[in-house]
Amino acid sequence: MTQRRLGVLALVVMLLADAVLLAWVFGLLPGSGADAAVPEPAAAPTATSASPSVSPSTTSKPAAPAARYVATSVGDTLWRASVARCTGDAAVVERSQDGGASWERTRYDGQVVYRLRLTEPSVGFAVGADRGCPETVVKSTGDGGQTWQETSAGQTWAPLRDGNVLVPGGEEVDACGSARAVGLAPVDETSAWAACSDGTLRRTTDTGASWEGVGRAKGVTSLAVSGERLLVGSVVTGCDGLSVASGTTSQADLEDATCVSGARTAAVVLGEQGGWLVGTSSWSSADLSSWEPVA
């Protein structure tokens with residue numbers, strides 16, 4: 001009798017298990033069948049290119065040249081500034097009263113310098129920006145750089161970090177098309193020369209409204225204009241420093257260049273007679289063709 005009861009009980013258990021299994025298969029239990037939250041299989045990784053995205057050429061310009069110097073002169077007084085970035089070490093503005101033989105640091109308190117201009121040995125201004133480069137500012141000094149006062153940037157020229165040019169009136173204009181303005185030589189309130197990163201030299205006579213190509217200088221990094229004289233510095237293959245060539249503004253035809261070893265980051269400067277190359281060291285020339293280190 002006992003064995004018979006156990007057999008019946010086992011049969012009942014088996015029937016109940018089958019019922020539960022059938023209910024799960026046909027979706028009669030919660031969390032089962034077509035309505036169950038079944039995890040999706042993991043998608044195979046999609047191959048991606050390791051190349052960085054590049055902005056369209058219509059809205060971007062080539063990268064800026066390597067860090068270098070900007071400089072200016074009045075008589076034998078020279079001023080120079082390192083071209084810094086918007087963050088990190090700030091630009092250092094220095095002055096020399098002996099044609100570049102010795103230098104003393106000023107108290108310039110901006111972050112970057114785009115252009116320096118002297119009107120007298122101790123009077124001048126720097127076009128640049130404060131840390132982070134929120135906007136272009138002009139800081140002027142009347143005591144040889146001991147103190148600086150911020151003034152309006154609306155009445156001067158300057159090449160800007162985005163490759164455009166600031167013109168009198170405060171407008172920023174595109175002087176070089178898809179290239180960058182890497183150097184600027186103002187002549188007066190309406191005229192200026194621009195050196196472009198594609199090697200073209202351009203000129204405006206209408207305050208930047210239009211620019212015409214007037215010459216070429218491959219690898220140009222700096223230029224200076226004074227009267228009819230033109231001086232251009234370039235970084236080119238085969239020269240371990242700065243390739244320097246002079247010419248006239250009437251035709252922009254450059255004479256044979258001279259390679260000045262060690263002057264790679266220097267700025268070209270025209271004086272009343274000759275000129276200078278001003279960087280970490282300085283060179284001078286009376287005829288703009290033979291360059292000697294300034295002792």
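**Strands and disulfides**

Mentor: Let's start with E18 and E19, which pair in the antiparallel sense over four bridges. Two strands count as paired if DSSP finds at least two bridges between them. The strand names come from DSSP too: helices (H or I, at least four residues) and strands (E, at least two) are its runs, numbered from the N terminus.

Trainee: Before we go on, where does this model come from?

Mentor: This is a predicted model, where local features need pLDDT of at least 70 and side-chain atom pairs count only at pLDDT 80 or more, while totals for chains, interfaces and linings use all residues. Residues are numbered from 1 along each chain as its sequence is written, and side-chain values use heavy atoms, with hydrogens and water left out.

Trainee: OK, back to the strands. Which residue stands opposite Val260 in E19?

Mentor: That's Leu242.

Trainee: And how many bridges are there between E17 and E18?

Mentor: Six, and that pairing is antiparallel. One example is Val232, whose bridge partner in E18 is Ala245. E17 and E18 form a hairpin with six residues between them. In the turn, Gly238 has a positive phi of about 95 degrees.

Trainee: Which cysteine does Cys86 pair with?

Mentor: Cys133, with the sulfur atoms 2.0 Å apart. This pair links distant parts of the chain, 47 residues apart. Cys86 is in the loop between strand E2 (77-82) and strand E3 (93-96), and Cys133 is in the loop between strand E6 (123-129) and strand E7 (137-141).

Trainee: Why is the disulfide of Cys86 and Cys133 left-handed?

Mentor: Because the torsion about its S-S bond is about -100 degrees. Both Cys86 and Cys133 are buried, by the way.

Trainee: What is Cys176 joined to?

Mentor: To Cys196, S to S 2.0 Å. With -75 degrees about the S-S bond, the link of Cys176 and Cys196 is left-handed. Cys176 lies in the loop between strand E11 (172-173) and strand E12 (181-186), while Cys196 is in strand E13 (residues 192-196), 20 residues apart. Cys176 counts as buried at 1% relative accessibility, and Cys196 counts as buried at 0%.

Trainee: And what about Cys239 and Cys259, left-handed or right-handed?

Mentor: Right-handed, because the torsion about the S-S bond of Cys239 and Cys259 is about 90 degrees. Cys239 sits in the loop between strand E17 (229-234) and strand E18 (241-248), and Cys259 is in strand E19 (residues 258-261). Their sulfurs are 2.1 Å apart.

Trainee: Is Cys259 buried or partly exposed?

Mentor: Partly exposed, at 40% relative accessibility. Cys239 is buried, with a relative accessible area of 9%.

Trainee: Last one: what is the strand order in the open sheet of four strands?

Mentor: E1-E2-E3-E4, with antiparallel pairing. The edge strands are E1 (69-74) and E4 (104-105), each pairing on one side only. Two bridges join E3 to E4, and Arg95 stands opposite Glu104 in E4.

Note on methods: Disulfide = S-S within 2.5 Å. Buried < 20%, exposed > 50% of the residue type's maximum accessible area, 1.4 Å probe, protein only.
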